[in-house]
Amino acid sequence: MRSRFEQLAMVLVAAILGLMLALGFRMQTAFGPTLQNRRWDELAVMLRLCEEERDALRDEVVALRAAIAEIGGGEQLDVLAQELRQARLFSGLAAGVGPGVRVTLDDSSRPQQGGEDPNLFLLHDDDILRVVNELAAAGAEAIVINGQRRVATTEIRCAGPAISVNNTRVAPPIRILAVGDPQTLESALRMRGGVLEILTVIGIQVQIEQLGSLEIPAFAGTTRLRHLQAAR
Amino acid sequence: MNGAVWLLIGLLAGLVAGFRLPVALPLAMARYHSVALLAALDSVFGGWRARLVGGFDPAVFLTGFFGNAVLAAALTYIGDRTGVELYLAAVFALGTRIFMNLGAIRRLMLGMTGSNGQPQPPRSEETP
């Protein structure tokens with residue numbers, strides 16, 4: 001009553017069903033327990049917990065690095081330790097103090113006119129870059145952007161609504177600490193035709209304070225080098 | 001050999017192939033695949049019930065099996081694009097139908113009255 005073709009088709013259907021079941025089962029075991037079924041709020045909570053954990057670990061890293069620097073003893077070791085302290089201070093791995101300036105940058109407070117590009121009145125990564133570059137040119141020995149110590153690998157770039165510094169998101173108001181001669185640093189920024197003039201034209205709020213003692217935190221990111229090796 | 005045995009062999013072959021094949025579906029396809037699978041299962045149970053009742057038509061079954069699977073996946077895709085969770089509608093409708101068919105199959109196999117109101121001798125079609 002059933003033709004050969006029909007029977008073959010039924011078997012084929014059964015095989016396809018089996019294939020789909022197996023694929024579905026495999027997919028569920030592969031992806032099921034991961035993010036697929038999580039809700040956004042759960043993910044947000046997870047993200048916050050991870051970030052908290054990361055911050056705690058970061059503090060631990062700083063503390064441990066400080067502990068390593070403290071280990072010493074013996075005359076030669078003292079010399080070496082002194083040298084190490086200097087190197088760490090220079091490279092940003094050690095916290096430090098010194099006189100300098102605090103530059104506070106914030107989005108424009110100018111009332112916006114119709115038809116103007118609102119982007120013009122926001123603080124951008126290149127504004128910060130310009131200020132940081134100018135401070136470095138004026139002899140700043142350590143620069144910190146919203147708690148992020150500027151080191152050899154530091155990037156300052158746009159990251160959507162925020163700005164990424166040392167792979168950490170910072171947002172306006174941006175506070176830049178720079179250790180150096182306060183007078184020199186401030187004049188470098190206030191130079192005619194300099195950074196400050198450009199920023200104030202577009203309405204970015206800039207404050208410069210000269211401070212006798214700035215506390216400079218250590219760089220808390222990773223220092224593992226994957227590609228760079230010491231030259232022989 | 002019995003038709004049902006052939007079907008089981010086909011199912012097993014598909015299962016083995018599915019577990020052995022080196023291909024894996026991408027995560028983005030997961031939802032579409034699940035809905036298509038549900039539609040396919042629905043067709044299979046519907047076909048089984050039709051067989052027991054006696055009104056089984058291979059052409060209807062084959063088109064239903066592939067057509068429903070593709071349509072269900074397409075509906076889910078449209079739902080994803082438009083922000084309407086058509087996916088849930090498909091799951092609900094197909095799930096309900098699967099359970100209704102299962103209930104009918106159970107009753108038919110126990111030799112009771114089918115949901116179409118006619119008493120059916122169980123497995124009358126099983127012997128070729």
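This is a predicted model: local features need pLDDT of at least 70, side-chain atom pairs count only at pLDDT 80 or more; totals for chains, interfaces and linings use all residues.
Of the 232 residues of chain A, 33% count as buried, where buried means under 20% relative accessible area, exposed means over 50% and partly exposed lies in between, with a 1.4 Å probe and protein chains only. For chain B, the share that counts as buried is 31% of 128 residues. Residues are numbered from 1 along each chain as its sequence is written, chains are lettered from A and ligands numbered from 1 in the order in which they are written, and side-chain values use heavy atoms, with hydrogens and water left out.

Let me stay with chain A. There are six helices and eight strands in it, taking helices as DSSP runs of H or I with at least four residues and strands as runs of E with at least two, numbered from the N terminus. Along the sequence the pattern reads α-α-α-β-α-β-β-β-β-β-β-α-α-β. If we consider contacts, meaning heavy atoms within 4.5 Å, then among those in chain A between residues at least 6 apart in sequence, 74% join residues at least 24 apart.

Now to the sheets of chain A. Five strands form an open sheet in the order S3-S2-S7-S1-S8, and the pairing is antiparallel; two strands pair if DSSP finds at least two bridges between them. Its edge strands are S3 (148-149) and S8 (205-216), each of which pairs on one side only. Strand S2 of chain A, residues 142-145, is joined to S3(A) in the antiparallel sense over two bridges, and A:Ile145 stands opposite A:Gln148 in S3(A). Helix H4 of chain A, residues 125-137, packs on this sheet and touches S1 (96-106), S2 and S7 (174-179), its direction making about 10 degrees with that of S7(A). For such angles, axes are lines fitted to C-alpha atoms, for helices over the stretch in contact, and the values run from 0 to 180 degrees between N-to-C directions.

The C-alpha atoms of A:Glu209 and A:Val103 are separated by 6.5 Å, although the two residues are 106 residues apart along the chain. A:Glu209 counts as partly exposed because its relative accessibility is 29%.

There is also an open sheet of three strands in chain A, with the order S4-S5-S6 and antiparallel pairing. Here S4 (156-159) and S6 (168-170) are the edge strands, each pairing on one side only, and the twist averages 40 degrees from one strand to the next. Strand S5 of chain A, residues 162-165, pairs with S6(A) in the antiparallel sense over three bridges, with A:Val165 opposite A:Thr168 in S6(A). H4(A) lies across S4 and S5 of chain A and runs at about 170 degrees to S4(A).

Turning to chain B, we have four helices and zero strands. Residues 24 or more positions apart account for 71% of the contacts in chain B with a separation of 6 or more.

Helix H2 (residues 30-53) and helix H4 (residues 86-109) of chain B pack at an angle of about 25 degrees, with their axes 9 Å apart. H2(B) and H4(B) are therefore roughly parallel to each other, given that angles under 35 degrees count as roughly parallel, over 145 as roughly antiparallel, 65 to 115 as roughly perpendicular and the rest as oblique. The residues of that contact divide into 18 nonpolar, three polar and four charged, where Ala, Val, Leu, Ile, Met, Phe, Trp, Tyr, Cys and Pro count as nonpolar, Asp, Glu, Lys and Arg as charged, and the others, Gly among them, as polar.

How do the axes of helix H3 (residues 58-82) of chain B and H4(B) cross, and within what distance do they come? They cross at roughly 150 degrees and come within 7 Å, so H3(B) and H4(B) are roughly antiparallel to each other. Among the contributors to this contact are B:Leu75 and B:Thr76 of H3(B), and B:Tyr87 of H4(B). B:Thr76 counts as buried because its relative accessibility is 1%, and, not counting residues up to four places away in sequence, B:Thr76 touches B:Tyr32, B:Val35 and B:Tyr87.
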